[in-house]
Amino acid sequence: MLLATPIAKREPGAEEELVQLFGQRIRTMMVVRLRDTHAADDLVQDTMMAVLVALRAGRLRASDRLAAFVYGVARNILHDHLRGTRTRSDVPLSPEMFPVSSEDHVAEKERETIVHRALGSLPDAERQILVLTLVEGLKPGAIAQRLGLTPEVCRTRKTRALKKMVAEVERLSRSGGSRDHPGGTDEV
């Protein structure tokens, strides 16, 4: 994610690469919040211009934090827009609002498979805590009460499970999602 330097140096193709990398993601974020594709498109354009101007001026201190910088600019522009209009369209979200290429769909399915395999490699107690946290949105106190644990034990197990998940997802991503992971099953 070291595009900041080539953009500051105005190297050919760097700005287009930035737009390709973040444009659709920022648009998705805007559409979800605004429910208005036209306003979302305008705000994506505003975001990308603000980011490019800042990068050209060398305002990004840590070039390895480009994604955080871009999303921060997008959030600020979105919040400015929301403060200015104070209205939100009631247009429901529809699949047409999010054009997805077949490559995106394949990549998403691969990521989903890797996450399911990593989740399946966890011990039952840790997997249960992660599911209750991430899927059901429960806090450690509520999970602890449901499972008959103390909140501290629940937090510790959650932290341990997250570390194991991250390590396993990284391992599976490097190995191309191969099924030969130790201690786990291929079924999810």
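Which residues does Leu 18 touch, not counting residues up to four places away in sequence?

Reply: This is a predicted model, in which local features require pLDDT of at least 70 and side-chain atom pairs count only at pLDDT 80 or more, whereas totals for chains, interfaces and linings use all residues. Residues are numbered from 1 along each chain as its sequence is written, and side-chain values use heavy atoms, with hydrogens and water left out.

Not counting residues up to four places away in sequence, Leu 18 touches Leu 3, Ile 7, Gly 23, Met 48, Val 51, Leu 52, Leu 55, Leu 66 and Val 70; contact here means heavy atoms within 4.5 Å. Leu 18 also belongs to the largest nonpolar core, which has 26 residues; together with Met 30, Leu 55 and Leu 66, it touches the most other members. Two or more residues of this core come from each of α1, α2, α3 (37–56) and α4 (66–85), and α3 gives the largest share, 8 residues. A second, separate core comprises 7 residues, among them Ile 114, Ala 118, Leu 122 and Leu 130. A nonpolar core is a set of buried Ala, Val, Leu, Ile, Met, Phe, Trp, Tyr and Cys residues joined through side-chain atoms within 4.5 Å. Buried denotes under 20% relative accessible area, exposed over 50%, and partly exposed the range in between (1.4 Å probe, protein chains only). In soluble globular proteins, nonpolar side chains tend to be buried together.

Leu 21 is found in helix α2 (residues 14–34) and counts as partly exposed, at 27% relative accessibility. Its C-alpha atom is separated by 9.5 Å from that of Ala 67, 46 residues apart along the chain.

Of its 188 residues, 28% count as buried. Among contacts with a separation of 6 or more, 62% join residues 24 or more positions apart.

Confidence is expressed as pLDDT, the predictor's confidence in each residue, from 0 to 100. The chain has a mean pLDDT of 81, with 81% of its residues reaching 70 or more. Confidence is lowest in helix α1 (residues 4–8), at a mean of 79, and highest in helix α7 (residues 140–147), at 91. Over residues 180–188 pLDDT stays under 50, and the model has 12 contacts beyond four places in sequence for this segment.

How values were computed. Helices (H or I, at least four residues) and strands (E, at least two) are DSSP runs, numbered from the N terminus.
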